[in-house]
Amino acid sequence: MTATDPPRLPFERGRPEWPQGCVSWPDAAGRLGAQAAAGQAAGGFAVVAGLGDGRVAAAVDRFGRETLCYSEQDGRLVFGAAATDFRVRELDPQAIYDYLFFHAIPSPRTIFRGVRRLPAGHVLQWQGGRTQLAPAARLRFEPQRAPSFDALKAEFRRLLLDAVRAELDGGVPACFLSGGTDSSTVAGHIKQVAGEVHTYSIGFDAEGYDEMEYARIAARHFGAVHHEYYVTPGDLVNGIARVAASYDQPFGNSSALPAYYCALRAREDGVTRLLAGDGGDELFGGNERYASQKVYEVWDRVPAWVRNGFVKPVLGLPGAGSLGVVRRGRNYVRDAERGLPDRLHHYNLLLRLGPQEVLTPRFQAGVRPESVFEQQREVWALAQAEGDLDRHLAYDWRYTLAESDLPKVRGTAALAGIEVGYPMLHDPLVDFSMTLPAEYKVRGRALRWFFKEALRDFLPPEIITKQKKGFGLPFGVWATRHAALKALATDSVRSFGTRGVVRREFVARLLDEYLPAHPGYYGEMVWILMMLEQWLRHHAPDWRLGGD
């Protein structure tokens, strides 16, 4: 589809709901302007329209539930749903660095040089070779000053029912069920709306990874028709190459394989659409790091003369670093002064291992590591919010949801032949979450305070108090014990080690020393290298950077 091919315009994917009085994207963009129209639209969508005089306007919903890629070729703007829809096949080393850092390639960059992906909640306008990219999503947080808990609870419960009702398709009413608060909430509301609910859960026969008992608790509580499947190492051996190749660019979220097998079981039962609980943590404050980041706010309240005239000099005394409390103090001050969002990546796997140890000099010379921080600061600045918690939530709407969790569910479900609905991302519910005060989201160390209190009479008590893991995959443990999986991982990582990106010495240490010693931790690096290699084997088998 191109700007010079009007008969193929407009282009529309998803379930868009246009502003009142508008019937389509061309109509809305023409009347209100593209940026305003996209900002007022609801639902999941990716749209393109010609607006006359050679103008083209494209937009994607605020969570990127649908995707849209574009490229300028021979003076034309070409669009596609996937990065692989274009003739361009030159790989971008910077995108590979981004993948190693994020375990996905955040928009607007894609793996292919010259192909861009429209970021979630953005509008693209193009005319005569000039491209303008601008945010359009509603990112203004306006917390209520004197909220009534009872009134908010009633509205919240009504919005949840509306959201689930809107996402069902009239077929078998079904959902993913991990046993966490989000998926359990979705399951319970499907039962209320449809009178029945089929739940699909994944388990792992590995200590510390299996959550099936919580899924069973939720299923019994709501009277669900419950379906379970235990993923095995053999399933990974059979599915890794297929799942890796199914994505239009490298994708390293390790829960993609469990999600695929869960969706596959549902499809075999005749289910055509599964509802997912994604989004609840990011709307209502459910991630542990939201509480842990509040610890750093204390440092900001310490007077400058105390910080600079007393605390720092004491922590910097010769020999003081030998004391554990001083080391922790130094780390705290370092991270507090690093600020958000930069300090969110203190535990980033690539940074902890050290790019100098992992990457070849030639590869490092061709990329800009600082660009990953530059793009995150730009995203952080988009939210209009009074405090860091809401900015953090909006940041996670982009990086956790739009760039990782939704592509994981959408991509693997599509591979299994299933559509997915996201009730937690229903626009009225999202807008409602933006009116909640910060202390309704994280109160002290209590995560999702309002969400859990509002559903305390609805969810089983065990679900309210549990720590959610989701479909975490025991890959590292299995890769040290299962011969076929170990062989697949070893072959993939060693093969990637010949492509000029990572040092061969690092590959040897990773496989021979690090992984056996700490499989749960270093298994993640093995996974992302293996999935990158498997993607390359399918889409760019001959690609090599060359040189060490």
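**A few places to look in this model**

1. The side chain of Arg 499 reaches the backbone oxygen of Trp 543 at 2.6 Å. Please keep in mind that this is a predicted model.

2. Where does Arg 499 sit in the chain? You will find Arg 499 in the loop between helix H24 (483-496) and helix H25 (504-517).

3. Next, turn to strand S4 (residues 69-73). Four of its five residues are buried, so S4 is largely enclosed by the rest of the structure.

4. With strand S5 (residues 76-80), S4 runs antiparallel, joined by five bridges. With strand S6 (residues 116-117), the pairing is also antiparallel, over two bridges. Tyr 70 is a handy landmark here: it stands opposite Phe 79 in S5 and opposite Arg 116 in S6.

5. The hairpin of S4 and S5 has two residues between the strands. In this hairpin, Asp 74 takes a positive phi near 55°.

6. Phe 310, Val 314 and Leu 317 make a nonpolar patch of about 280 Å². Val 314 belongs to helix H12 (residues 304-315), and this residue is partly exposed, with a relative accessible area of 37%.

Conventions: Residues are numbered from 1 along each chain as its sequence is written. This is a predicted model: local features need pLDDT of at least 70, side-chain atom pairs count only at pLDDT 80 or more; totals for chains, interfaces and linings use all residues. Side-chain values use heavy atoms; hydrogens and water are left out. Patches are made of residues with over 30% relative accessible area and no salt bridge: like charges are joined within 9 Å, nonpolar side chains (Val, Leu, Ile, Met, Phe, Trp, Tyr) within 5 Å. Accessible areas come from the Shrake-Rupley method with a 1.4 Å probe; for residues, only the protein chains shown count as cover. A salt bridge is a side-chain nitrogen of Lys or Arg within 4 Å of a carboxyl oxygen of Asp or Glu. Buried means under 20% relative accessible area, exposed over 50%, partly exposed in between (1.4 Å probe, protein chains only). A polar contact is a pair of N or O atoms within 3.5 Å; within protein, one must be able to donate a hydrogen and the other to accept it, and residues adjacent in sequence count only if both atoms are side-chain atoms. Two strands pair if DSSP finds at least two bridges between them.
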